Amino acid sequence: MTYTITKFTFALDVTTNGSAGGGFLAELTAPIVESTGDYCPESGAVKITGANSTTAELIYNGNGTTTIKANGVVVNASAPCYE
């Protein structure tokens with residue numbers, strides 16, 4: 001069985017003491033596809049954008065690992081997927 005998630009967006013705006021305190025936006029930048037029955041998808045990418053345009057990205061590599069980026073810079077190119 002194959003599943004594909006093609007759209008996902010989640011935004012949160014935080015207000016502290018009546019002032020906008022920031023928030024974040026999470027969205028898919030590539031569809032997530034899983035067809036092997038494993039816990040780690042073969043492909044897909046999620047990006048979170050926070051205050052001051054900071055970003056964190058998770059990219060599924062298709063070999064049981066993920067690439068993690070912070071502000072566009074690879075922090076770990078082969079982080080393991082966890083259940």
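Q: Is C81 buried or exposed?
A: In this predicted model, C81 is buried, with a relative accessible area of 9%. The cut-off for buried is under 20%.

Q: Which residue does C81 form a disulfide with?
A: C81 forms a disulfide with C40. Their sulfur atoms are 1.9 Å apart.

Q: What about C40, buried or exposed?
A: C40 counts as buried, at 5% relative accessibility.

Q: Where do C40 and C81 lie in the chain?
A: C40 is in the loop between β3 (19–34) and β4 (43–49), while C81 is in the segment after β7 (73–80). The two parts are 41 residues apart in sequence, so the pair ties them together.

Q: How many disulfides does a search of the whole structure find?
A: The search finds one disulfide.

Q: New topic, the surface. Which residues form the nonpolar patch?
A: The patch is formed by Y3, I5, F8, F10, L12, V14, F24 and I48. Together they have about 670 Å² of accessible area.

Q: Which elements give two or more residues to it?
A: Those are β1 (3–5) and β2 (9–16).

Q: Which one gives the most?
A: That is β2, which contributes three residues to the nonpolar patch.

Q: Take L12, then. Where is it?
A: L12 sits in strand β2.

Q: How exposed is L12?
A: L12 is partly exposed, and its relative accessible area is 39%. That value lies between the cut-offs, under 20% for buried and over 50% for exposed.

Note on methods
Residues are numbered from 1 along each chain as its sequence is written. This is a predicted model: local features need pLDDT of at least 70, side-chain atom pairs count only at pLDDT 80 or more; totals for chains, interfaces and linings use all residues. Side-chain values use heavy atoms; hydrogens and water are left out. A disulfide is a pair of cysteine sulfur atoms within 2.5 Å. Helices (H or I, at least four residues) and strands (E, at least two) are DSSP runs, numbered from the N terminus. Buried means under 20% relative accessible area, exposed over 50%, partly exposed in between (1.4 Å probe, protein chains only). Patches are made of residues with over 30% relative accessible area and no salt bridge: like charges are joined within 9 Å, nonpolar side chains (Val, Leu, Ile, Met, Phe, Trp, Tyr) within 5 Å. Accessible areas come from the Shrake-Rupley method with a 1.4 Å probe; for residues, only the protein chains shown count as cover. A salt bridge is a side-chain nitrogen of Lys or Arg within 4 Å of a carboxyl oxygen of Asp or Glu.
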